[in-house]
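Please read the sequence and the model side by side. The paragraphs below go through the chain part by part.

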Amino acid sequence: MPATVYYADMHSRSLEDSKIAKVARLCDAVGLKKIIKKNDLTAIKLHFGEYGNDTHLNPSLVRQVVDKVMDAGGKPFLTDTTTLYSGSRHNAVDHLQTAYLHGFAPSVVRAPVIIADGLYGENDVPVRIKAKHFKDVHIATEIRRAPSMVVLSHFKGHEMTGFGGAIKNIGMGCGSRAGKMEMHSDGKPDIDEERCIGCGRCARNCAHKAISIKAGKAHNDHGKCVGCGRCIAACPFDAVQPDWEG
């Protein structure tokens, strides 16, 4: 059945018409009290942003969702999973520090932050789905165990799919590192040697030491590569090419 979609403009002419008030009204419109049971440990799935980025959701807006989950009787926690690529969310400690530095501290959002797949992204639960490409998927333990979940997504560009939003936030974002590796398994890039100048940026950005520089050119070891795509973004010469056919 088709989803019900609500829109609100970005104008804020009064406190009652602010973006904060609109998010609160949205929570009322979707009926959180019908979804969340009393004392549910409710996961609020979002993206805390890589350190230094400002395109993540504003913590003051997230706080409104936390308040509404509590009004519905739930016990909310903010959550996300570790990333495959190197960066400020590659492990739970760095991820938590990034969340706090971006304003997602319990004193601001009124909820704890829990990285759902553990210290190194290894905590997961296999879930049977019987889909076309996967029979089982690896879902982060604390997301899988949460009795209820609210998903908050922001709209972003994506080099492979064009755009990313709620589907990626749930499908990729709820997976552990093992789950992400399986989903990326057909996307292991190759090096275009004519474009490669051997600068080493791809190798420095590879969290799995799959890329080496030999004879002035980069080489990607597909046996070590997990297909996260970090090297694609790092290369300034478009020498690292995705496996588009795969």
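A residue is called buried when its relative accessible area is under 20%, exposed when that area is over 50%, and partly exposed in between, using a 1.4 Å probe and protein chains only. By that scale Leu-15, at 69% relative accessibility, counts as exposed. This is a predicted model, in which local features need pLDDT of at least 70 and side-chain atom pairs count only at pLDDT 80 or more, while totals for chains, interfaces and linings use all residues. Residues are numbered from 1 along each chain as its sequence is written, and side-chain values use heavy atoms, with hydrogens and water left out.

Helices (DSSP runs of H or I, at least four residues) and strands (runs of E, at least two) are numbered from the N terminus. Leu-15 belongs to the segment before α1. Between Leu-15 and Gly-173 there are 34 Å in space, C-alpha to C-alpha, and the two are 158 residues apart in sequence.

Helix α1 itself covers residues 19-30, which is 12 residues. From first C-alpha to last, α1 reaches 17 Å, close to the 16 Å expected at 1.5 Å a residue; the expected span is 1.5 Å times one less than the number of residues. The buried residues of α1 are Ala-21, Lys-22, Val-23, Ala-24 and Cys-27. Their cover includes α2 (32-35) and α3 (59-71), where contact means heavy atoms within 4.5 Å. After α1 comes Gly-31, which has a positive phi, near 75°.

Lys-22 leads on to the salt bridges. A salt bridge is a side-chain nitrogen of Lys or Arg within 4 Å of a carboxyl oxygen of Asp or Glu, and by this rule the count comes to 10 salt bridges. Lys-22 pairs with Asp-9 in one of them, with the closest N and O atoms 2.8 Å apart. The pair links distant parts of the chain, since Lys-22 is in helix α1 and Asp-9 in the segment before α1, 13 residues apart. Lys-22 counts as buried at 13% relative accessibility, whereas Asp-9 is partly exposed at 40%.

Which residues does Asp-67 meet in salt bridges? One partner is Arg-63, at 3.0 Å from N to O. Asp-67 and Arg-63 both lie in helix α3, 4 residues apart, about one turn of the helix. An α-helix has 3.6 residues a turn, so residues three or four places apart point the same way. The relative accessible area of Asp-67 is 17%, so Asp-67 is buried, and Arg-63, with 26%, is partly exposed. Another partner is Arg-110, at 2.9 Å from N to O. Arg-110 lies in the loop between α5 and β3 and Asp-67 in helix α3, so this pair ties together parts that are 43 residues apart in sequence. Arg-110 is partly exposed, with a relative accessible area of 43%. Elsewhere, a network of salt bridges links Lys-45, Glu-50, Asp-80 and Arg-89.

Aromatic rings come next. Rings of Phe, Tyr and Trp (its six-membered ring) pair if their centres lie within 6.5 Å; planes under 30 degrees apart count as stacked, over 60 as edge-to-face and the rest as tilted. By this rule there are 2 aromatic pairs. The rings of Phe-48 and Phe-104 have centres 5.2 Å apart and planes at 65°, so this pair is edge-to-face. Phe-48 lies in the loop between β1 (41-45) and α3, and Phe-104 in the loop between α4 (92-101) and α5 (106-109), so the pair ties together parts that are 56 residues apart in sequence. Both Phe-48 and Phe-104 are buried. The rings of Phe-155 and Phe-163 have centres 4.9 Å apart and planes at 20°, so that pair is stacked. Phe-155 is exposed, with a relative accessible area of 64%, and Phe-163 is exposed, with 54%.

The last stop is Asp-117, in the loop between β3 (113-115) and β4 (124-128). Asp-117 is buried yet has no salt bridge; the nearest side chain of opposite charge, Lys-180, is 4.6 Å away. Here Lys and Arg count as positive and Asp and Glu as negative, while His and the chain ends are not counted. The side chain of Asp-117 does make a polar contact of 2.9 Å with that of Thr-82. A polar contact is a pair of N or O atoms within 3.5 Å; within protein, one must be able to donate a hydrogen and the other to accept it, and residues adjacent in sequence count only if both atoms are side-chain atoms.
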